[in-house]
Amino acid sequence: LLKKIEQFINSARGGGKVPEIWEILDGTKRPEYILSPELQERWGQIQDNQAYVIDIGISCVGTKSQLRDYPRRESFRSDENFIEGIQRWMDDRTITYQEWDDLKLQREDDFENFVAGYQVKSPEYIDAKTSILCELPDSFSCRISISGKGLRDLVLNFPYIFDVSLPDDIHEDSSTESQISDSEIEFTLKSPEANAPKVCIIDSGIQEKHPLLQAAISINDSNSWVPNETNLVADYVPNGGHGTRVAGAVLYPISVPQIGQQQAICWLQNARVLDKECSLPQALYPPILIANIVEFYQNKTGTRIFNHSIAATTPCRN
């Protein structure tokens with residue numbers, strides 16, 4: 001970069017890209033590179049005193065420390081040398097990750113100090129004290145509420161941001177009635193074995209008293225993460241929500257038996273995250289939410305199988 005700047009100053013060949021780089025550094029083109037398409041469309045209408053809820057990604061890779069490629073066997077004279085090379089690589093990797101983590105903590109502090117003056121409310125914030133499942137070694141992300149003035153300042157002047165976007169619109173279609181019907185069914189579901197696998201259904205809640213599901217529901221493990229409804233674990237979506245149908249698909253992947261009886265293959269755990277509109281409340285930040293649910297059930301019951309069939313209405317752009 002310094003060489004190209006020198007070439008630009010001297011009008012030498014090779015310095016022609018410097019003005020474009022400067023447009024990014026001074027903020028002229030910065031929004032184009034880091035804003036989501038929805039925010040780009042609204043960028044000119046951002047109001048200073050209006051509150052905006054946004055998701056932010058911040059890079060934590062430094063310039064001093066980069067992770068080397070994994071050693072290749074053909075680069076070493078013997079297996080012993082290869083093993084030694086692998087060990088050196090692992091030692092370097094540990095040091096690099098620690099340097100990245102130190103840098104991440106510093107940039108978290110920098111970020112919090114930067115936005116502190118804009119009356120930011122941060123319902124969820126990813127850091128080392130939350131859950132390692134929610135972060136990458138080279139970046140962290142968060143969801144904040146910030147004034148329009150603060151948002152512009154953040155996008156144009158905070159140096160480490162690589163992504164700024166509006167929260168995804170996460171809404172499951174609940175217009176179709178539940179595929180599970182108990183009309184004219186003379187079938188009995190028996191409870192699974194005590195040590196049967198546990199499957200956690202992360203969705204809109206489950207109709208736990210439904211005769212085709214009830215025997216397999218692990219009642220004591222039901223929980224809700226919907227704000228102000230932590231004690232309401234039922235499926236409150238009219239005609240049965242997505243969670244009830246997913247629970248049925250787990251127990252009856254091909255079809256629902258009409259007669260006889262059958263023992264359930266697993267226990268169902270009900271983790272409600274979608275509200276009665278079958279939408280994910282904006283206060284729930286997905287990376288933190290999923291990490292908290294996994295940690296909760298792994299610590300409580302050792303659950304290893306989690307099913308969430310929830311998606312945003314638009315594809316991820318990263």
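Q: Is cysteine 278 buried or exposed?
A: In this predicted model, local features need pLDDT of at least 70, side-chain atom pairs count only at pLDDT 80 or more, and totals for chains, interfaces and linings use all residues. Residues are numbered from 1 along each chain as its sequence is written, and side-chain values use heavy atoms, with hydrogens and water left out. Buried means under 20% relative accessible area, exposed over 50%, and partly exposed in between, with a 1.4 Å probe and protein chains only. Because cysteine 278 has 0% relative accessibility, cysteine 278 counts as buried.

Q: How many disulfides does a search of the whole structure find?
A: A disulfide is a covalent bond between the sulfur atoms of two cysteines. Here the term is applied to a pair of cysteine sulfur atoms within 2.5 Å. Searching the whole structure on that basis, the number of disulfides found is 0.

Q: How many residues of helix H7 are buried?
A: Helices (H or I, at least four residues) and strands (E, at least two) are DSSP runs, numbered from the N terminus. Helix H7 covers residues 242-251 and is mostly covered. Its buried residues include His242, Arg245 and Leu251, and the count of buried residues is 9 of 10.

Q: Which residue in E3 is the bridge partner of tyrosine 52?
A: Two strands pair if DSSP finds at least two bridges between them. Strand E1 (residues 51-59) and strand E3 (residues 139-147) pair in the antiparallel sense over 9 bridges. In E3, the partner of tyrosine 52 is isoleucine 146.
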